[in-house]
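Biologist: Can you take me through the salt bridges in this one? Put the model up and start with whichever pair you like.

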Amino acid sequence: MSKTLKIIVRKPDEVPAVRYDNPEKAWKVIKKVMVGENEGARNFVTRVFTIEPGGYTPKHSHPWEHEILVLKGKGTVFTEEGDRDLAPGTALFVPPGSLHQLSNRSEEENFVFVCVVPIEGEK
């Protein structure tokens, strides 16, 4: 018998953080999985990322799409077509196979965004 799923309501400060501090990969990046397999999600994972001033994710691509919504701060996304500035309220669609990197070029303010990927993107 499958377990009965319940609605989950939580805030980022209620979720454990994973910090990435490898300058050759992800630098000054904090990830919080808000909803994923542990919460019973079967299709998607919702994560909140904080990139501290001067931080960045690695330049990478993967076989799944993902969607991003910027919550706070200002950031930049590297694309093969050129860099694009990101600000609160900006949505970003990253198609499968697209080379990309998110960075915070600010010297003072955190860059915070929600990123939704399929379950396979969090494994």
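Modeller: Arg 19 and Asp 21 form a salt bridge, with their closest N and O atoms 2.5 Å apart. The term means a side-chain nitrogen of Lys or Arg within 4 Å of a carboxyl oxygen of Asp or Glu.

Biologist: What are we looking at, and how are residues numbered?

Modeller: This is a predicted model, where local features need pLDDT of at least 70, side-chain atom pairs count only at pLDDT 80 or more, and totals for chains, interfaces and linings use all residues. Numbering runs from 1 along each chain as its sequence is written, and side-chain values use heavy atoms, without hydrogens and water.

Biologist: How many salt bridges does the rule give?

Modeller: The count is 7.

Biologist: Which residue does Lys 31 pair with?

Modeller: Glu 122, at 2.7 Å from N to O. Lys 31 sits in strand β2 (residues 27–35) and Glu 122 in the segment after β9 (111–118), 91 residues apart. Strands are DSSP runs of E, at least two residues, numbered from the N terminus. Lys 31 is buried at 11%, whereas Glu 122 is partly exposed at 25%.

Biologist: And Glu 37?

Modeller: Glu 37 bridges to Lys 123, with 3.7 Å between the closest N and O atoms. Glu 37 is in the loop between β2 and β3 (44–56) and Lys 123 is in the segment after β9, so the pair ties together parts 86 residues apart in sequence. Lys 123 is exposed at 73%.

Biologist: Which residues join into a network through shared partners?

Modeller: Arg 19, Asp 21 and Glu 52.

Methods
Helices (H or I, at least four residues) and strands (E, at least two) are DSSP runs, numbered from the N terminus. Buried means under 20% relative accessible area, exposed over 50%, partly exposed in between (1.4 Å probe, protein chains only).
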